[in-house]
Amino acid sequence: MTSAHLVAPPTRTRVSAWVGNPWARFLLRRAGRLLVSLAVLVALAFLMIHLIPGDPVRAALGLTAPPDLVEARREALGLNDPIAVQFVDYVRSLFAGDLGVSMTSGMPVSETIGQRLPATASLAVAAFVVVMLVAIPLGLAMAVLTRGGRRRGAELGFTSTSAVAAAIPEFLLAVGLVFVFGVTLGWFPVAGRSDAASYVLPVVALALGPALLMARIVRVEALAVMDQDFVRTARAKRLPPLRAYLRHVFPNALTSTLTIGGLLLSGMIVGTVLVENVFAWPGMGMTIVSSILSKDYPVVQGIVLVYGAAVLLVNLVVDVLLALADPRSTIREG
């Protein structure tokens, strides 16, 4: 044996091994997409104040404001600088955690958002939890009941009722809930955020449509899984029905459930804007509408950034969960 045969082949460095890992490549691709999306979001938020017709400072201070006050405010906000300089300053401020100052209140935008964010986040999370707790059991139960074309009446009633209810706009549903359960029956408060009862109507307005929509999808996915050979084998082995559904049907229907769940959560985060204004909910949705009406664009920019970043983050988390649930197909598709 020659000395050449005794030399061990070069081992891969930790960096090359990490880069060659499918999970690492998957996470790098997702992180790259997130950064690109955030860059586009920041650019759009910056251009917002320049694309809207009119002078935002004049609009915020009023038509009767003295010209020297308007000019001083424009200078303080840097609006007299070239647009490229303004963009660089805007990005630099974002990296420093500075979202600007409100034109009307003079408060830092980050402080305003910090006061409103918990109310919006708690409402969106509560609605999402309700969607998952209602949609998954309901969809699986309807799949079991209507499997093989049985109980056509129940299937027709479920599909038609859920289609009609899911098509009702959140705003109209919220107004109807206020009229029936708040004003007429007096069961729940119709405005503000106080105790647990104050969450009921806003959460129902946000969660009803998505819950029924997801239940329909869970039912269809579960029916498709029930016809697979491995489920028939489990039945042939006399596995208890509930155990067979939980062990074999639910995990295989989970991929679509997670995908739709992420999209619904993103939609519910945006949907809080309308629902908060119906119920006078002290969150970011009510603040962004009042800021638009008062032409307070720095606040609008900051809240748009937070909403957009939240949606992008939710999508990233859903992608990772999908990869964990089905690593082969998800990671391969990138």
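**The patch and its setting**

Modeller: Start with V190, which sits in the loop between α9 (170-184) and α10 (197-226). This is a predicted model. V190 is partly exposed, because its relative accessible area is 30% and partly exposed lies between under 20% for buried and over 50% for exposed. V190 also belongs to a nonpolar surface patch.

Now the annotation. An unreviewed UniProt entry marks residues 166-190 as "transmembrane region". The same annotation covers 34-52, 123-145, 196-218, 253-279 and 299-325. Two of these spans can be described further. Residues 196-218 are 96% helix and 0% strand. The end C-alpha atoms of that span lie 29 Å apart. Residues 299-325 are 100% helix, again with 0% strand. Here the end C-alpha atoms are 39 Å apart.

The last topic is the largest pocket. The largest pocket has a volume of about 460 Å³. It is lined by 20 residues, and the closest to its centre are L77, Y90, S93, G100 and Q301. Four helices each supply at least two lining residues: α3 (22-51), α5 (67-77), α6 (83-95) and α15 (297-325). Of the helices, α6 gives the most to this lining, with five residues.

Notes. Residues are numbered from 1 along each chain as its sequence is written. This is a predicted model: local features need pLDDT of at least 70, side-chain atom pairs count only at pLDDT 80 or more; totals for chains, interfaces and linings use all residues. Side-chain values use heavy atoms; hydrogens and water are left out. UniProt positions are given in the numbering used here, feature names are shortened, and annotations may be inferred rather than shown by experiment. Patches are made of residues with over 30% relative accessible area and no salt bridge: like charges are joined within 9 Å, nonpolar side chains (Val, Leu, Ile, Met, Phe, Trp, Tyr) within 5 Å. Accessible areas come from the Shrake-Rupley method with a 1.4 Å probe; for residues, only the protein chains shown count as cover. A salt bridge is a side-chain nitrogen of Lys or Arg within 4 Å of a carboxyl oxygen of Asp or Glu. Buried means under 20% relative accessible area, exposed over 50%, partly exposed in between (1.4 Å probe, protein chains only). On a 1 Å grid over the protein atoms alone, a cavity is a set of points where a 1.4 Å probe fits but cannot get out, and a pocket is an open set with protein on both sides within 12 Å along at least five of seven lines; lining residues have an atom within 4 Å of a point. Grid points are joined across faces, edges and corners, and a volume is the space filled by probe spheres set on the points.
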